[in-house]
Amino acid sequence: MTIRGEMLIGATALRGAETEFHAIDPATGAALEPGFGGGGAAEVERACALAWEAFDLYRETGLEARAVFLETIAANILAIGDELIVRAMAESGLPRPRLEGERGRTVGQLRLFARTVREGSWLEARIDPAQPTRAPLPRADLRQRHIALGPVAVFGASNFPLAFSVAGGDTASALAAGCPVVVKAHSAHPGTSELIGRAVQAAVASCGLPEGVFSLLFGSGSRIGAALVADPRVKAVGFTGSRRGGVSLTQVAAARAEPIPVYAEMSSINPVILLSAALAARAEALGAGFVGSLTMGAGQFCTNPGLVLALDGPDLERFLTAAAETLGGAAPSTMLTPGIHAAYVEGVARIAANPAVEVLARGQQTVGPHQCRPGLFTSSAEAFLSDPALHEEIFGAASLVIRCPDVAALRAVLERLEGQLTATLHMDAADADAVRALLPVLERKAGRILANGWPTGVEVCDAMVHGGPFPATSDSRTTSVGTLAIRRFLRPVCYQDIPDSLLPEALRDGNPLGLWRRVDGVLAAAGGVGG
Ligand SMILES: NC(=O)c1ccc[n+]([C@@H]2O[C@H](COP(=O)([O-])OP(=O)(O)OC[C@H]3O[C@@H](n4cnc5c(N)ncnc54)[C@H](O)[C@@H]3O)[C@@H](O)[C@H]2O)c1
Ligand SMILES: O=CCCC(=O)C(=O)O
């Protein structure tokens, strides 16, 4: 497949007339060919018009047809072959094994949503049959299902150029829900985006779907990104990126004549709590394991463990010695973009200059451009509680260990934290009482609570929650990874006394889709009303 520097608007491919830009290979600083033309108002208008035109048809595609569409996208992505991996490596600085794994995750995610679509429980069909003789008042026939919200604007993330980008979780879950998608590509990996975009575009065509089901735009976030979110035909937004970008888009969405939901995943420092018995039993192993998670992918994971809490004492010293030793040997690795690298260097300089912070260890010196030199820092609970600057995420392999004088201080630090994607507990049996005391706090703070693991590496499955209170996300009621993500793009509709032949199939008496439905209060397997 040839990368042409073109946007994909419905079935067409065209070059944007706005400012040309190139992807940068962060490992060399060199500009990659070809150049990409950014889109403008005309392309946003066309993509949104096509998406709106496609909406009513696409949202009523049969479950099987929609599932096959998702599976076709997955097959088309695999069919691109090594060109995809080579281009993604050049545009992101990420190594081959990581990108091959991410491609597997992306394809698996699409197939998981195909399974979800076929199974149909996301329709949440509910039927309360009429009770014409009920006294004192009869009950009407009431039936509920979920329908797609409308066209969704998706912002590709820089740090997962496949799994959180053009055909990543936001796109897969929106398409699964029945929503057309307009992607605003991340300018860090436009070639990867075009390759994946063409795979989706080809699937739309071969599955006989309306062309507006998918479009891909390039260009400036504050111009076409904001214009897309402001467009009245767009009904929801999926975003993974910076806190500033996510907050700005929620403001654009809230200021519309018709405000819409923005599902922005933004910032998290993912606290890790080392409880006393666990620390006593395996401080050295914990130190090494922690650094493995911290330095994975140059620390450019939203699940990166950026904060460690433990009671001060000899066992914490053992942990710190092991972590410092492992981190001291950690090789530098290329970061995603010059901008992300500059923000990391600035963040590390800022924390290192904080008088309440000790620099415990740095990784090996960098040898190339835009490389991340990992950093490990320590401070006290007292300093953390009095200085909000210490709560800020440094996107990259940097982490702060807080020495807590007692359990009350540890709990106070937790209470002071903003919302998080994850919270991790390292515990042994003797820590059970401490865990019981902390769990209610962690439930309030985080979307996922882990025991004796590391937060990096999110499983794509039914039970996953990759979300959490602000600023982890802009809407804590859902997740951007896993099958529950489909809910973000659905809303319930109730049909009262609508004749059976006019009802959507999901709600008809004969249950032609064979769904699990709640009928007269009872969750029932395939079968007609009353059957
Ligand atoms: N939470 C995460 O998983 C995560 C992932 C990547 C980056 N980040 C953070 O974001 C920083 C910058 O990285 P990035 O470029 O990937 O993120 P970003 O938020 O700057 O950009 C993400 C996407 O949003 C668009 N965008 C940004 N601001 C916008 C605005 N005001 N209006 C409309 N669109 C806008 C961009 O054009 C891009 O397509 C990193 O240093 C890091 O701190 C966080
Ligand atoms: O960067 C955000 C996603 C992190 C993730 O998916 C993972 O840790 O696997």
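Biologist: What do the numbering and the cut-offs rest on?

Modeller: Residues are numbered from 1 along each chain as its sequence is written, and chains are lettered from A and ligands numbered from 1 in the order in which they are written. In this predicted model local features need pLDDT of at least 70, side-chain atom pairs count only at pLDDT 80 or more, totals for chains, interfaces and linings use all residues, and side-chain values use heavy atoms, with hydrogens and water left out.

Biologist: What makes the pair between Arg 105 and ligand 2 a polar contact?

Modeller: A polar contact is a pair of N or O atoms within 3.5 Å. A polar side-chain atom of Arg 105 lies 2.6 Å from an oxygen atom of ligand 2, so the pair meets that definition. Thr 303 also has a polar side-chain atom 2.7 Å from an oxygen atom of the ligand.

Biologist: How much of the accessible area of ligand 2 does the protein cover?

Modeller: The protein covers 99% of the 280 Å² that ligand 2 has on its own, by the Shrake-Rupley method with a 1.4 Å probe.

Biologist: Why do β5 and β22 count as paired?

Modeller: Two strands pair if DSSP finds at least two bridges between them, and two bridges join β5 (residues 126–128) to β22 (residues 517–519), so they count as paired. Strands here are DSSP runs (E, at least two residues), numbered from the N terminus.

Biologist: Why is one side of β21 and of β23 left without a neighbour?

Modeller: The open sheet has the order β21-β6-β5-β22-β23. β21 (490–496) and β23 (522–524) stand at its edges, each with a single partner strand, so one side of each has no neighbour in the sheet.

Key:
Polar contact = N/O pair within 3.5 Å; in protein donor to acceptor, adjacent residues only side chain to side chain. Helix = DSSP H or I, 4+ residues; strand = E, 2+ residues; numbered from the N terminus.
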